[in-house]
Amino acid sequence: MDLPHFPLHPNAYRLNLFAAETGVCEVCEQPRDYQYTGVFYSQDEVDYICPWCVADGSAAAKYSGQFNDAMGIEGTEFGAEDADGEVKVTWTLAEADIKQVCQHTPAYSSWQQGQWLVCCGKPCAFIAYADSAMLAPIWSEIEVDVLQHGIPVAWVREHLRVDGDLAGYLFQCVDCSKHRLHLDCA
Ligand SMILES: [Zn+2]
Ligand SMILES: [Zn+2]
């Protein structure tokens, strides 16, 4: 059986958000071969969630939970001021897009609470954990994101590693294809 595809997390399997682990899904109660390994925000302790129950929203519905925190979606938090004291431009995603991120899309593994980036008024797709080599060809697209984080540009250009204490999370716009980068620290 083909595994479900996640439009906002197209590399979820390759990035090990699901482990090859046989078990019975606690949501659909079917024997499955892949277990979700990422964060699930819920009152209940849920051990085994299969990819189908992530994708179709049934796990989130059954436990009133979410895989990605709505407050972590870019532009839905209180606007922060940039260095010039300007209030940052914010986006308001459609309800359906917020649901897609929080209830139908796996989280990604991060040091701090995950942020979900937005472009063209739509949630971006999470592409990869980034290192400097990966960022080089798309530097012009993501430089503004690096500057915004206040982390030295030269450091990110040369020393960003996938498993380092400073981590980069690469997104891509589903509309204009521009790359976006989120950074956090251990
Ligand atoms: Zn299931
Ligand atoms: Zn865009």
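This is a predicted model: local features need pLDDT of at least 70, side-chain atom pairs count only at pLDDT 80 or more; totals for chains, interfaces and linings use all residues.
Trainee: OK, which residues are the protein donors of the zinc ion (ligand 1)?
Mentor: C25, C28, C50 and C53, each through SG, lying 2.3 Å from the zinc ion (ligand 1). Donors here are N, O and S atoms within 2.8 Å of the metal (3.2 Å for Na, K and Ca); water is not among the atoms, so sites may look incomplete.

Trainee: And what's the geometry of that site?
Mentor: Tetrahedral, with angles of 104 to 113° among the 4 donor atoms. Four donors get that label if all angles lie between 85 and 135 degrees. The ideal for four tetrahedral donors is 109.5 degrees.

Trainee: How are those donor residues spaced in sequence?
Mentor: As C-x2-C-x21-C-x2-C. C25 is in the loop between β1 (18–24) and β2 (31–36), and C50 is in the loop between β2 and α1 (51–55), so this pair ties together parts 25 residues apart in sequence. Helices (H or I, at least four residues) and strands (E, at least two) are DSSP runs, numbered from the N terminus.

Trainee: Is C25 buried or exposed?
Mentor: Buried, at 1% relative accessibility. C50 is buried as well, at 0%. Buried means under 20% relative accessible area, exposed over 50%, partly exposed in between (1.4 Å probe, protein chains only).

Trainee: Switching to ligand 2, what are the donors of that zinc ion?
Mentor: SG atoms of C119, C120, C173 and C176, lying 2.2 to 2.4 Å from the zinc ion (ligand 2). That site is tetrahedral too, with angles of 106 to 116°.

Trainee: Where do C119 and C176 lie?
Mentor: C119 is in strand β3 (residues 118–119) and C176 in the loop between β6 and β7, so the pair ties together parts 57 residues apart in sequence. C119 is buried at 10% relative accessibility, while C176 is partly exposed at 41%.

Trainee: What does β6 pair with?
Mentor: β6 runs antiparallel to strand β5 (residues 125–130), with 5 bridges, and to strand β7 (residues 179–185), with 7 bridges. Pairing takes at least two DSSP bridges between two strands.

Technical notes
Residues are numbered from 1 along each chain as its sequence is written. Chains are lettered from A and ligands numbered from 1 in the order in which they are written. Side-chain values use heavy atoms; hydrogens and water are left out. Four donors count as tetrahedral if all angles lie between 85 and 135 degrees; four count as square planar and six as octahedral if opposite donors are over 155 degrees apart and all others between 65 and 115; anything else is irregular.
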